[in-house]
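Colleague: I'm new to this one. Can you walk me through it?

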Amino acid sequence: MFAETSLNARNKKVQGLFRMLFMLMTAMLILPVLIILVTLLVKGGSVLSIDFLFTAPTNGMTAGGIFPALLGTVWLVAVALLISVPIGIAAAIYLNEYAGENWFTRVINLAIINLAGVPSIVHALFGVGAFVIFFGFGTSILAASLTLAIMTLPVVIVATRESLRAVPMAFREACWNMGATRWQTIRRVVLPNAVSGILTGVILEVSRTTGETAPIMFTGAVFFTPFLPQGIFDQTMALSLHLFVVSTQVPGVPEDLPYGVALVLIAMVLIMNSISIAFRMYLRGKKKW
Amino acid sequence: MVDGPAPAVALQGDSEMSRAHGDIPLTLEVRDLDIRYGTEAALSGVSLEVRQHEIFGIIGPANAGKTSFLKALNRMDLFNSAMHVTGDIRFNGHEVRQLKNIYALRSRIGVVFPLPVGLPMTVYENVALAPRLRGIRNKSELDIIVERCLARAALWDEVKDRLNSLGSLLSGGQQQRLTIARALSQDPELLMLDEFSIAVDPVTTMRIEDVLKELRKEMTILLVTNLVQQARRLADRTAFFLDGRCVEVGETEDLFTGAVQDPRTRDYIEGRFG
């Protein structure tokens, strides 16, 4: 009764082939990541040191470290987060918890999708026009971070809205039925259960912001400055722009220096992403329903 | 938080309007209630009265409009833009659809639905939520409320040692009793139960039924059930809903002993359909 027929055998063979095919495709995903990491490590690993991280570039940026750029990137990302996270979360809460389905929310949703699709160089030019010139912030951390914030706002909004949506409607209704207002329900039931997804979205935003170059190069990041940023109206160096500069704009840079800069940049991004993934796994384990 | 404690006086105060029916005050007076979802009618022309401190049963087959009826009472139509309610619903004499303070209305009506909803917080927090919304902060006061409500819902003994574990991880039957405890923690004037026993085992169902008989001294109970015998065991009066209409309202015993009866009611009660 259970003897294998020729049809069974054929099905099994075809199924094996497809399985192999899909597995190969999956394996190919890892290749670029591996190649990038290995190349960077081999070619740039030698320049990495505490000194490299914590000293300024010297000799017309052909030697020394990357500290001003590293610090500048931290500034830019932090200020951008301070702007985009509150706005993004508030907007997502409004869209998901308060707003009904009407033309207004449809327009906003359309705007979010389009905002996410705007090329970063266009954001950069917008940033120049709006923040540098119109608002008169000059080329400064504030102008650059505002540009970054607007660019990454859709990420925060979408991630927040998705995690709010994942909280079952029945929880809200149960709470409303007890006489709770929308805000009481959001504060006591919805947000505590969505906070993990929101944080994950924020961390992903950080890793995206860290690597952006175009939006900051006209708005606040500079080629080189001997000063460390003291406040949000200063100009600053930034890691991503610095990488562009030392690999293409400055003659006589030793070959391993740009690789070292790239390694630091990608390490920052990978570390943020790993934190995000670890966090998500931790919270998934603690899922409450 | 922002809204502060609900003004209790506004709703409880005058029961003049609700004394229309002899000496027995009415918790609910429903006149010509129509409910539709989009263009589809769910309930039409329902009029009935629910007296204070009675257990009022509603029986009827699926799709008779029983749940929609409950939803109209505490303004759950506001959750669903497709749901339209017309007609007159008076709760303690107040037309519910003219009440500005729907939060006060809802806090006076406890609701238990067929599928248990354990909120994703601890057992304790589940039951302490409604008192907290009312503005009770004192821990010992909350402790007392939580214990009393859990005990009344026949759940205290099972969870007293794990009040801090997640309510949403209890078994289905326990979650349902948690839902009942939560409804009781509102200290409601009206308790609405919609087929509460679907997810509960028979023994627990019996225990909850005993609890309901006790609770009746303190509140009015509206019991929607698909178990005809449950209505018979508990309800003082019973309404029979069919196809979006209220066919008959009567003393439960009359319905079951064959006095004044629509033939459709008799058929349903005797199990010939539904």
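Modeller: Here is a short tour, starting with the ground rules. This is a predicted model, where local features need pLDDT of at least 70, side-chain atom pairs count only at pLDDT 80 or more, and totals for chains, interfaces and linings use all residues. Residues are numbered from 1 along each chain as its sequence is written, with chains lettered from A and ligands numbered from 1 in the order in which they are written.

Colleague: How many helices and strands are in chain B?

Modeller: Chain B has eleven helices and ten strands. Those are DSSP runs, numbered from the N terminus: helices are H or I, at least four residues, and strands are E, at least two.

Colleague: How much of chain B is buried?

Modeller: 44% of its 274 residues. Buried means 20 or more other C-beta atoms, placed from the backbone, lie within 10 Å of the residue's own.

Colleague: Switching to α5(A). Where is the kink centred?

Modeller: On Gly127(A), with a kink of about 30°. The bend is the angle between axes fitted to the seven residues ending there and the seven starting there.

Colleague: Which residues of α5(A) are buried?

Modeller: Gly127(A) is one of them, along with His123(A), Ala124(A), Phe131(A) and Val132(A). The buried residues pack against α6 (141-165) and α9 (214-217) of chain A. Packing rests on contacts: C-beta atoms, placed from the backbone, within 7 Å.

Colleague: And what comes just after α5(A)?

Modeller: Gly136(A), with a positive phi of about 70°.

Methods: Buried ≥ 20, exposed ≤ 12 C-beta atoms within 10 Å, placed from the backbone. Contact = placed C-beta atoms within 7 Å.
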